[in-house]
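Have a look at the model first.

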Amino acid sequence: MSRERQLRFWVIGFLVFGLGLWLLQTILLPFIAGMAIAYFLDPICDRLESWGLSRLWATTLVTVLFALLLVLALLLVVPAAIAQIAELAQQLPRFFEVLRSKLDLLLMQFETRVDPAIVERIKATVEGSLGDVASWATGAFGRVISGGLAIVSLLSLFFLTPVVAFYLLRDWDLMTAKIDSWLPRGQAATIRTLARQADEILAGWVRGVATVCLVLGVGYALALTAIGLSAGLLVGLVAGALSFIPFVGSIGGFLLAMGLAVVEFDSVWRIAGVAAIFVVGQALEGNVLTPKLVGDKVGLHPVLVIFALLAGGALLGFTGVLIAMPVAAVLGVLSRFALDRYLESPLYRSARQEAPEPVGTDEGSP
């Protein structure tokens, strides 16, 4: 088969695969999540197999322990988080009224120095914007809490994902061996090498980033709760969970926490304390946690991470967010492989044109 036909075959195959993902995106979430869980639990099963357990018993033990840990974490965190969400939804109108009154007081202090007409226009704009934001936020909270479709999707995620993960984990080695047998024989060694590189990048990135998110989430939640913020647990967990996107978790958590702190606290020192929590958290993340736990060895630039996550979310929603990093890892490995091939090719290492020999005369000629 010629190179052109091979290229055409793979391009058509990838296009069909992408079209299938797009058409089935509404039902793929439990399967993608189960595949991700199986991928990261497979090394544990392999270790148990090396100790003498059968694959079935190793898979059963690992799946049950993982499910128990997940349920325990949910029982400890979810009820408090739901209570804070409900309380925050009820208090939103009052929060916006308090915020409006504080802004009015701030504008009154400028009335003596600024044209009153400008102050009135600013006041009308602020009041209208706050009203719109309050209505939208209250409605959004209500839709999230009472949305039947969201609840069905969440239930399918919790009940289907463990089943999918169990069967994939049980047959993981068989599936990888079967896929390996389908590789084109002439390029099998190269594909295996690229797959190992992508695996190292993805596993290293996810392990490091998951640890960073866990540490930041727990730290923000404890610190904000200790300082007295009513939704401190919720804000801290959200900030930690979003920290897998560079700077988004810390900035988003800072803005949300500061907005609540300005409304709740009368003490400037407590408001400054909330700001200090996120300053310290961002400093720890940028100078200690990310360099130590993630580092540069994974080869995923922050800009690439942000672009991959946003592109995946825009194309396939939350399912796209889950598969964004595997796709980014594979594309990064393929890009470096293509660049290495280009640098070794005649297209880059073309020989210099030798200057023509000057036409001379024989040594004995006059």
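## Ground rules

Buried means under 20% relative accessible area, exposed means over 50%, and partly exposed is in between (1.4 Å probe, protein chains only). This is a predicted model, where local features need pLDDT of at least 70, side-chain atom pairs count only at pLDDT 80 or more, and totals for chains, interfaces and linings use all residues. Residues are numbered from 1 along each chain as its sequence is written, and side-chain values use heavy atoms, with hydrogens and water left out.

## Overall build

The chain has 11 helices and 0 strands (DSSP runs, numbered from the N terminus: H or I of at least four residues for helices, E of at least two for strands). Of its 366 residues, 29% are buried.

## Arg55 and its partners

The structure holds 6 salt bridges, each a side-chain nitrogen of Lys or Arg within 4 Å of a carboxyl oxygen of Asp or Glu. In one of them, Arg55 pairs with Asp42, with the closest N and O atoms 2.7 Å apart. That pair links helix α3 to helix α2 (residues 29-50), across 13 residues. Arg55 is buried at 11% relative accessibility, and Asp42 is buried too, at 8%.

Asp46 also bridges to Arg55, at 2.8 Å between the closest N and O atoms, but Asp46 is partly exposed at 29%.

Which helix holds Val64? Val64 sits in helix α3 (residues 55-110) and is partly exposed at 43% relative accessible area.
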